[in-house]
Amino acid sequence: MFDSLLLLVTATFLLAGFVKGALGLGLPTVSMGLLAVSMPPAQAIAIVIVPAIVTNIWQTFGGPYLRDIFRRLWPLLAGTAAGVWLNAGSLTGPYARYTTIALGLLLAINAIIGLCKFNFTIARRNEKWAGGIVGLITGMISAATGVQVIPSVPFLQAIGMEKEELIQALGVFFTVATLALGLNLTGAGLLTAATALPGAVAMAASFAGMFIGQAVRTRLQPDIFRRWFQIGMIVLGLYLATNALAKLMS
């Protein structure tokens, strides 16, 4: 049973790391979605959180834009941390049984938004107040599902960053979000010795996947890869939501 868990963790994080290396995001999204097929989201996020933090820190320092990113995004970062704190306990509280449904719907909605390629921009003068609101909403969703992509990623894509700056900005944002979430999990007692070995395996597999993804990033056709990735996440999200709903109704 334990060996099966480690095999599942290894395969999941190799794929999630590859996606993160190729696209600059996706490790918590992919890993949470796949692990939630066979375990409660609270258990999944306890395995996901450490490799997510470490790989995000790695991405944070992978470019020269760090000072400008903090100057532009501090309201988003502060709002996210506040939202995670305000919704602490949602993974283990009375509504925890609905978490898998929420996670599945979130994955599907995020993928649909990515496929539809909604093009909108946010003027520089509106970045800070809008970023604070987006961060607060993202943080509250993250505390309940372990995923930080809605509405933060569309916001970051709308403020007009260059590709490499955006990838580093995603690393900065996800570092703050996962650190805040990690504090929540520690306070809830979800990070225990039992998660240490799966977490270590997940981290090693994540880095292996990231290195492969980064190595082939320039050779991929990004639009095609992203499209099939989003289609897969829609299927996975709908499966999670419908399966969890069926269990609740049975």
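# Helix packing and selected residues

Helices H3 and H9 are oblique to each other, a class that takes the angles left over when those under 35 degrees count as roughly parallel, those over 145 as roughly antiparallel and those from 65 to 115 as roughly perpendicular. The model is predicted, so that local features need pLDDT of at least 70 and side-chain atom pairs count only at pLDDT 80 or more, while totals for chains, interfaces and linings use all residues. Residues are numbered from 1 along each chain as its sequence is written, and side-chain values use heavy atoms, with hydrogens and water left out.

The axes of H3 and helix H9 (residues 196-216) come within 8 Å and cross at roughly 40°. Here a helix is a DSSP run of H or I with at least four residues, a strand is a run of E with at least two, and both are numbered from the N terminus. An axis is a line fitted to C-alpha atoms, for helices over the stretch in contact, and the angle, from 0 to 180 degrees, is taken between N-to-C directions. The crossing of H3 and H9 is right-handed; a crossing has this hand if the near helix is turned clockwise from the far one by less than a right angle, and is left-handed if the turn is anticlockwise.

Contact, meaning heavy atoms within 4.5 Å, joins Ile47, Val50, Pro51, Val54, Thr55 and Trp58 of H3 to a set in H9 that includes Pro198, Ala202, Met203, Phe207 and Phe211. By class, the contact of H3 with H9 has 11 nonpolar, four polar and no charged residues. In this scheme Ala, Val, Leu, Ile, Met, Phe, Trp, Tyr, Cys and Pro are nonpolar, Asp, Glu, Lys and Arg are charged, and the others, Gly among them, are polar.

Two residues of H3 may be examined individually. Valine 54, in helix H3 (residues 41-60), is in contact with Met203 and Phe207 once its neighbours within four places in sequence are set aside. Valine 54 has a relative accessible area of 29% and is therefore partly exposed, the class between buried (under 20%) and exposed (over 50%), with a 1.4 Å probe and protein chains only. Threonine 175 is 121 residues from valine 54 in sequence, yet their C-alpha atoms are 8.1 Å apart. Isoleucine 53 is also found in helix H3. Its relative accessible area is 14%, so isoleucine 53 is buried. Apart from residues up to four places away in sequence, isoleucine 53 touches Thr178 and Leu179.

In the loop between H3 and H4 lies phenylalanine 61. Because its relative accessibility is 59%, phenylalanine 61 counts as exposed. Residues up to four places away in sequence not being counted, phenylalanine 61 touches Leu66 and Gln168.

Helix H4 (residues 66-86) packs with helix H6 (residues 127-145): their axes come within 6 Å and cross at roughly 30°. H4 and H6 are therefore roughly parallel to each other, and their crossing is right-handed. Among the residues that meet are Trp74, Leu76, Gly79 and Gly83 in H4, and Gly131, Gly135, Leu136 and Gly139 in H6. The residues of this contact of H4 with H6 divide into 10 nonpolar, eight polar and four charged.

Threonine 145 also belongs to helix H6. With a relative accessible area of 4%, threonine 145 is buried. Its side chain reaches the backbone oxygen of isoleucine 141 at 2.9 Å. Not counting residues up to four places away in sequence, threonine 145 touches Met32, Thr99, Ala102, Leu103 and Leu106. Proline 151 is placed in the loop between H6 and helix H7 (152-158). The peptide bond from isoleucine 150 to proline 151 is cis, with omega near -5°. Most peptide bonds are trans.

Finally, helix H5 (residues 99-116) and helix H10 (residues 222-249) pack at an angle of about 155°, their axes 7 Å apart. That makes H5 roughly antiparallel to H10, and H5 passes H10 in a left-handed crossing. Residues that meet include Leu103, Leu107, Ala111 and Leu115 in H5, and Ile231, Ile234, Leu238 and Leu245 in H10. By class, the contact of H5 with H10 has 17 nonpolar, six polar and one charged residues.

How values were computed. Polar contact = N/O pair within 3.5 Å; in protein donor to acceptor, adjacent residues only side chain to side chain.
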